[in-house]
Amino acid sequence: MKRILIPALMAALTCLPQLSFAWGAEGHQTVGAIADQLLVGTKAGAQVKALLGDTSLEKIAVWADCVKGISPEKDFAYTSTGRYPECAQFETASGIAAMADYVRRNNTNCNPAFDEENCHKQYHYADVALQHDHYETGLAGTSDHDVVHAIQAAILVLEDKPQPKPFQFKDKHEALAVLAHYVGDIHQPLHVGSVFLDAAGKKVNPDEGHYDHGTNTIGGNALQCPCGNLHALWDDIPQQFKHGRMNDMLAKKAHAVAKPAAAIDQWPVLWANDAIHDAKTVFNGTQFSQSTPNKRGNNWSIALPLEYEKTMQNVKEDALVRAGAHLAQVLQAIWPE
Ligand SMILES: [Zn+2]
């Protein structure tokens with residue numbers, strides 16, 4: 001039997017704090033900051049300013065995570081006051097009312113199954129099995145309210161077109177806020193690509209035969225490494241890109257990112273395809289233990305290959321740059337010169 005060697009391989013990996021928010025606030029702020037910079041002096045930049053007023057893409061990019069502080073089970077009260085510094089800007093009476101209003105509209109509108117999250121939380125991701133090379137609606141882990149569809153819906157609202165069900169984005173301001181966030185999420189490899197495992201830790205394809213929901217590793221949330229879960233490890237970003245360190249190197253690289261030749265509504269699909277490609281890199285050389293079921297479902301240990309931290313840094317940097325560039329590109333496609 002294969003034994004998984006975890007502690008020795010992991011010793012070199014710095015333990016990072018657990019993050020409950022996707023990409024962490026810094027990742028989303030970095031993506032927004034890159035786009036803010038690329039849009040200086042453009043018509044799209046002026047439109048963004050007209051919608052956001054005193055705020056910026058960098059600041060608003062965390063809003064879709066901050067709204068998770070609204071608790072439907074507590075009559076839609078905001079229960080995270082003071083907990084996340086990046087959300088403080090929204091913790092005014094009118095800001096909290098706006099968050100509660102958004103969550104009320106986007107809570108059960110997708111008819112979540114008993115084991116699924118509230119709808120607006122599902123807007124942030126898809127879980128496409130890595131046996132696939134491409135995102136396709138209908139695959140296990142996709143839905144009409146996954147991150148690809150959420151981005152498409154937000155774009156439509158900004159284009160003054162009707163949004164598809166089940167989305168309930170109130171206006172352009174709200175659509176821009178969530179778009180700035182989801183474009184960040186869709187570039188985080190574990191927000192799109194997922195590994196599905198049986199109880200023995202062997203990879204399975206959920207699109208062949210019966211799909212057992214218990215095989216879903218939930219974007220790495222059910223994969224434990226000594227530093228916590230794999231998803232959290234990926235949500236943190238390299239120190240040099242933390243808030244306030246937006247630098248010329250990132251902007252320069254973002255400037256060089258080519259605009260897709262496809263129609264704008266297909267862009268999120270192309271971005272998802274790239275994320276699936278990145279997710280394959282992320283899981284390259286990893287090994288899984290047998291599952292140890294806990295209260296929340298199945299859990300597996302993951303052993304990471306040597307040099308994993310380097311792989312992770314490279315993929316993250318590239319993903320953040322592309323996300324920032326793509327956010328600016330999509331806004332310029334909505335509001336061309
Ligand atoms: Zn998110």
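Axes here are lines fitted to C-alpha atoms, for helices over the stretch in contact. In this predicted model, the axes of α2 (residues 24-38) and α13 (residues 308-334) come within 8 Å and cross at roughly 50°. As for handedness, the crossing of α2 and α13 is right-handed. On the α2 side, the contact draws on G27, T30, V31, I34, A35 and L38, and these meet L320, V321, A323, G324, A325, L327 and A328 of α13. Sorted by type, the residues of this α2-α13 contact come out as 10 nonpolar and three polar, with no charged ones.

Now for a sheet. Four strands line up as β6-β5-β8-β7 in an open sheet with mixed pairing. The edges are taken by β6 (228-229) and β7 (287-288), each of which pairs on one side only. Strands β5 (residues 223-225) and β8 (residues 300-303) run parallel and are joined by two bridges. L223 has W300 as its bridge partner in β8.

How far can the coordinates be trusted? The pLDDT averages 90 over the protein, and 91% of the residues score at least 70. Residues 1-12 are another matter: pLDDT is below 50 there, and the stretch has 16 contacts in the model beyond near neighbours in sequence. Residues 14-22 also stay under 50, with 17 contacts beyond four places in sequence.

Notes. Residues numbered from 1 in each chain as written. Predicted model: local features only at pLDDT ≥ 70, side-chain atom pairs only at ≥ 80, totals over all residues. Pairing = 2+ DSSP bridges. Axes fitted to C-alpha atoms, helices over the stretch in contact; angles between N-to-C directions. Left-handed = near helix turned anticlockwise from the far one by under 90°. Contact = placed C-beta atoms within 7 Å. Nonpolar A, V, L, I, M, F, W, Y, C, P; charged D, E, K, R; others polar. pLDDT = per-residue confidence, 0-100.
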